[in-house]
Amino acid sequence: EMLRQKVKLLIKAFRHQMNSIIQRNQDLHIGVVKSSTPIQALLVPGNGRCVQFCNLVWRLSNRTILLYPIRSPTVPKGEERVRIIIHAHNTERELKALLSTIESTLAIMRDGSTIDNQNDPAPRRSKL
């Protein structure tokens, strides 16, 4: 029961902070899918943008945060998303690092900037 409560608190903190990040980045048309479960999702419309978002998070986190794009046709076109799973073993520090990395990723996407290691893509993902 203690672990469930911890996950609930992490989810609540994640959603609260993500809503603030989304408000500051409204021009990017990113959203959070309504969910009270450990499986959270960020709406990142467009297959290319969704993959770009995941790859940028991977690079900015020095290969410590691996997110998975859920692309069309698995979801309807325009509703592409990034899956984020919050686990009981995650710490508040890890959650803050994730949120900070997401915010930095959005800034790069807005500015159209590049980062080092552009030739270092995220690991290949299974098509299954």
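## A walk around the model

Start by selecting Pro73, which sits in the loop between β3 (68-70) and β4. Strands here are DSSP runs of E with at least two residues, helices are runs of H or I with at least four, and both are numbered from the N terminus. A cis peptide bond joins Ser72 to Pro73, with omega at about 15 degrees.

Before moving on, bear in mind that this is a predicted model, where local features need pLDDT of at least 70 and side-chain atom pairs count only at pLDDT 80 or more, while totals for chains, interfaces and linings use all residues. Residues are numbered from 1 along each chain as its sequence is written, and side-chain values use heavy atoms, leaving out hydrogens and water.

Next, click on Asn62, in the loop between α2 and β3. Asn62 isn't a glycine, yet its phi is positive, about 55 degrees. Most residues other than glycine have a negative phi, and most peptide bonds are trans.

Now show helix α1 (residues 2-24) together with α3. They pack at an angle of about 20 degrees, with their axes 11 Å apart (axes are lines fitted to C-alpha atoms, for helices over the stretch in contact, and angles run from 0 to 180 degrees between N-to-C directions). That makes α1 roughly parallel to α3 (under 35 degrees counts as roughly parallel, over 145 as roughly antiparallel, 65 to 115 as roughly perpendicular, and the rest as oblique). Want to see where they touch? Among the α1 residues that meet α3 are Leu10, Phe14 and Ile21, and the α3 side includes Leu95, Leu99 and Ile102 (contact means heavy atoms within 4.5 Å).

α2 packs against α3 at about 125 degrees, with the axes 9 Å apart, so the two are oblique to each other. On α2, pick Arg49, Gln52, Phe53, Leu56, Val57 and Leu60; on α3, the partners include Thr101, Ile102 and Met109.

Last stop: the second largest pocket, with about 370 Å³ of space. A pocket is an open set of points on a 1 Å grid over the protein atoms alone, where a 1.4 Å probe fits, with protein on both sides within 12 Å along at least five of seven lines; lining residues have an atom within 4 Å of a point. The volume is the space filled by probe spheres set on the points, which are joined across faces, edges and corners. Select Ile65, Leu67, Ile85, Asn90 and Leu98, which lie nearest the centre among the 14 lining residues. β4 (81-85) and α3 (92-111) each supply at least two residues of that lining.
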